[in-house]
Amino acid sequence: MIRRPVSGPLRNLDGTTMTSFLHSADWQLGKPFARIADEEQRGRVQRERLEAVRRIGEIARERKAAFVVVAGDLFDSATPKDATISHALAAIGSIGVPVYAIPGNHDHGGPNSLWERPFFRRQREAVAPNFHILLERQPIERDDAVILPCPLLRRHEPDDPTTWLRRWQPGGGDERPRIVIAHGSTRSFGGATLGNSVDGEEAGQANAIDLGRLPLDQFDYIALGDWHGFLKVGEKAWYSGAHEIDRFPKADQRPGHVAAVTVTRGGMPGVEALPTGKLRWLRHEVALGDDGPDVMNRILREATGSRYDDCLVELVLSGAVSLADRSRLDTLLDDWRAGLIRLDLDDGVRLAPSEEEMRALTDRTDPIISRVAAELVARNEAGGEGAAVALAALRILHGLCRDVGGGGVIQPAAGASP
Ligand SMILES: [Mn+2]
């Protein structure tokens, strides 16, 4: 067990400094989540992003992190509401250790930016004196590290925000690890551009970081933001991803983590992804067949478990069901809609009434129903434009008859005038 000195940074046997810190990014606090229809659920998702900031604080204490770096896009907008700023600063204040952040494209710096608002400055001083927003491209000197910020001072920077580091000259004999913080897209060796394509921004070539042009031996860790999943993009460069997932993920993305990093000057960083996210955004494609909606129910039940109230589900349904199974499916979907934070339904299920269902309607003792049903069955079988309408009408008729049961006559609704 290594003993931490009473004060000052931890040193290796060779005299170099070993520093542990956390790297996060893309909190996008204040994101409206307009596609979540229910106001209460929308508030829940927004609050969970603040709770995830507090969970970063818990991890910082557990891991004895010296500080936290946040690589841009703390806010979803460059003009957040005062309440959003206030709540963000309360959560940042709870982290306890120093937090160093740069503005990203969503919350860029520059003249009259949110970071210069008197409200922000007042509130920072009052509740988050540990918070340092780095608006200049110049080193921050700590005992245990040199932090090299590459803030975005415009939404779309035409020049690589890390350019200044190509010329930066560190002092000789400095054994402190050097940590770069930057926000933008990077070009991977495969040629695909990572970053703001996923950020929902059509930024073109703006905010592009060329890792290949940095003198990499000069730096020990490059903390990146903009890509929402945890991802290594160079031997010393990582995207931490968003701390709390904010969209339905594509395959192999790992949002909802913070990067726990250990660095020494001239060494390779040790990087670990630790979970901070709580919400689950799930995507399922289900084909319905003879088993009806049960298969869908089973899949959703298994995927969400008892914490279905933490889940948002994108559900793609295909296949065909009978009239009875269609109404059972609708009931089940209503139940899921009530329990989930959000159900996004792509309903491609075809209606395929069974022979028995058709006959049960055309053979009703009520002559009006049986005649209407026979006409609808005929129109459905005739195909063409009328078929879909006839099928929809059969579905309604089936629902009505199911409600009255037997072969009886449909009664006027209670309270209807005679
Ligand atoms: Mn961004």
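Analyst: Strands here are DSSP runs of E with at least two residues, and helices runs of H or I with at least four, numbered from the N terminus. By that count, Leu135 sits in the loop between β5 (131–133) and β6 (140–141). The model is predicted, so local features need pLDDT of at least 70 and side-chain atom pairs 80 or more, while totals for chains, interfaces and linings use all residues. Numbering starts from 1 along each chain as its sequence is written, and side-chain values use heavy atoms, leaving out hydrogens and water.

User: Why is Leu135 called partly exposed?

Analyst: Its relative accessible area is 23%. Buried means under 20%, exposed over 50%, and partly exposed in between (1.4 Å probe, protein chains only), so Leu135 counts as partly exposed.

User: Which residues does Leu135 touch?

Analyst: Beyond four places in sequence, Leu135 touches Pro103, Gly109, Trp115, Pro151 and Leu153 (contact: heavy atoms within 4.5 Å). The C-alpha atoms of Leu135 and Trp115 are 8.7 Å apart.

User: Why are Cys311 and Cys401 called buried?

Analyst: Cys311 has 0% relative accessibility, so it counts as buried. Cys401, at 4%, therefore counts as buried too.

User: What makes α7 oblique to α8?

Analyst: Helix α7 (residues 355–362) and helix α8 (residues 367–382) pack at about 140°, with axes 7 Å apart. Angles under 35 degrees are roughly parallel, over 145 roughly antiparallel, 65 to 115 roughly perpendicular, and the rest oblique, so α7 is oblique to α8. Met358, Leu361 and Thr362 of α7 make the contact, with α8 residues including Ile369 and Val377.

Methods. Axes are lines fitted to C-alpha atoms, for helices over the stretch in contact, and angles run from 0 to 180 degrees between N-to-C directions.
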